[in-house]
Amino acid sequence: MASPTPSAGDGARARLAHALGEVAGGDRKALKTVYDLTAAKLMGVCLRICQDREAAEDVMQEVYLKVWDRAGRFDASRASPITWLCTIARNTAIDWRRSRGLRDTAPVEAALELPDGRPSADALLEAGETQARIFDCLEALEEKPRAAIRAAFFHGRSYPDLAAAAAVPLGTMKSWIRRGLLQLRGCLGDG
Amino acid sequence: MAEPLRPEEEEIALAAELALGLLEGEDLAAARRRQLADPAFAVAVERWVLDFAPLALGGADVAAPAGLWERIEARLPGEAHGAVVALRRWRATAIATSAAAAVLLAILLLRPVPQPVVLPPPPVVVAQITGTAGAAFAARYDAEQGTLHVRTEAMPSSRRAPELWVIPAGGKPVSLGLVASQGNRDMTVAPAHRQLLAEGATLAVTMEDAATAPHAGPSGPPVAAGKITIL
């Protein structure tokens, strides 16, 4: 996962992994370090999913309280720290959307309008450069499965929800997405 | 309509559906049960989660508002004393050990109230997460009877006996007694301990002297640990 030569990304990743280890031991200062290193990134994630600044701030509090509780479960051999933190942020933000019944009624294509920025080179180094593949692999899908998978990831939309929004039978939506997912797995490799 | 998926494709797609949150209702419940019961499937789900995660990094960074850290800090549990720090370390070790040695223990708390979740038929093993080697236990709690059914799947050979602990979030380990060195054991959980079997608590197994069990505290690092999951 590490890039071949030492880089700023490697350093940041190592600092973050080390801080998470200290958080697991109950070090509040280490949690502040994790916060300082990641708050802007995770705020971006939360805001993107919640689409509401106040909600994103509330979600951010939950995210770092979860990090405090769960840091002992972080395993650097299985995930990069920023990927692990992103997953917590994404899931917490999605939970917030769902708890508010915010399955937005915009058409599925709206997910395409989300800024499709790629992470900066530094962010990718931190996350492990191989993981950038998800962007290329998703790009290679046909438009319908791609839009639906993005809507699931960013809006927490379920099969019935996606099928209703696209006005297609549930079976059709499942078939689109499942074929897309298999194509993705083929592109990403077996890990 | 496209032809049906092959079984291995079915598993890959189902793992991704669970990772993305596409499923609802009984489909979701069935996939979660499988995630608990089928280690290979659980690994496939985790792989998808980690593969998708970088998508979230695609947006711009946004400065967190001033004062947000102070709001978080105010909600942290009170300043830890030495004993609490030691316990957090112990829990962290319990969990890290489980990840490193891939020794895990899972418990299902069966809620007495009707749930949209359809529980499996009376199971031999309801929940099990195992890895490559070492100790593996599965536990299921029957809240109505106050009975914990623990099945020992695998255990390192030892002259000592496996003792089961419940560690509430932020609390200290409480012994639930010895579990079987192999096979099943049904344990009646003392009424005072039943409320400890809640989501977020950790179950752990340490190797202890059988003659003096149950103990006030563990004497060594856990050989298995896992979080309680409520379905």
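**Figure 1. Secondary structure of chain A in the predicted model.** Chain A holds 10 helices and 0 strands, where helices (H or I, at least four residues) and strands (E, at least two) are DSSP runs numbered from the N terminus. Read from the N terminus, the order of elements is α-α-α-α-α-α-α-α-α-α. Of its 191 residues, 45% count as buried, a class that requires 20 or more other C-beta atoms within 10 Å of a residue's own, with exposed meaning 12 or fewer, partly exposed lying in between, and C-beta atoms placed from the backbone. Among contacts in chain A between residues at least 6 apart in sequence, 70% join residues at least 24 apart; a contact here is a pair of residues whose C-beta atoms, placed from the backbone, lie within 7 Å. Residues are numbered from 1 along each chain as its sequence is written, while chains are lettered from A and ligands numbered from 1 in the order in which they are written. Since this is a predicted model, local features need pLDDT of at least 70 and side-chain atom pairs count only at pLDDT 80 or more, whereas totals for chains, interfaces and linings use all residues.

**Figure 2. Confidence along chain A.** The average pLDDT of chain A is 83, and 78% of the residues score at least 70; pLDDT is the predictor's confidence in each residue, on a scale from 0 to 100. Within chain A, confidence is highest in helix 10 (residues 170-188), at a mean of 95, and lowest in helix 5 (residues 110-113), at 41. Over residues 105-116 of chain A the pLDDT is below 50, and this stretch has 17 contacts in the model beyond near neighbours in sequence. Where pLDDT is low, the predicted coordinates should not be read in detail.

**Figure 3. Packing of helix 2 against helix 3 in chain A.** Helix 2 (residues 28-50) and helix 3 (residues 53-70) of chain A pack at an angle of about 140°, with their axes 9 Å apart; the axes are lines fitted to C-alpha atoms, for helices over the stretch in contact, and angles run from 0 to 180 degrees between N-to-C directions. Helix 2 of chain A is therefore oblique to helix 3 of chain A, given that angles under 35 degrees count as roughly parallel, over 145 as roughly antiparallel, 65 to 115 as roughly perpendicular and the rest as oblique. Residues making the contact include Leu31(A), Tyr35(A) and Leu42(A) of helix 2 and Val59(A), Tyr64(A) and Trp68(A) of helix 3. Gln51(A) is partly exposed, with 16 other C-beta atoms within 10 Å.

**Figure 4. Helix 4 of chain A and the glycine after it.** Helix 4 (residues 81-99) of chain A has 19 residues and reaches 27 Å from its first C-alpha to its last, close to the 27 Å expected at 1.5 Å a residue, the expected span being 1.5 Å times one less than the number of residues. Gly101(A), whose phi is positive and near 65°, follows helix 4 of chain A.

Figure 5. Phe154(A), in helix 8 (residues 143-155) of chain A, is buried, with 23 other C-beta atoms within 10 Å. The C-alpha atoms of Phe154(A) and Arg48(A) are separated by 7.8 Å, although the two residues are 106 residues apart along the chain. Ala167(A), by contrast, is exposed, with 9 other C-beta atoms within 10 Å, and is found in the loop between helix 9 (159-166) and helix 10 of chain A.

Notes: Contact = placed C-beta atoms within 7 Å.
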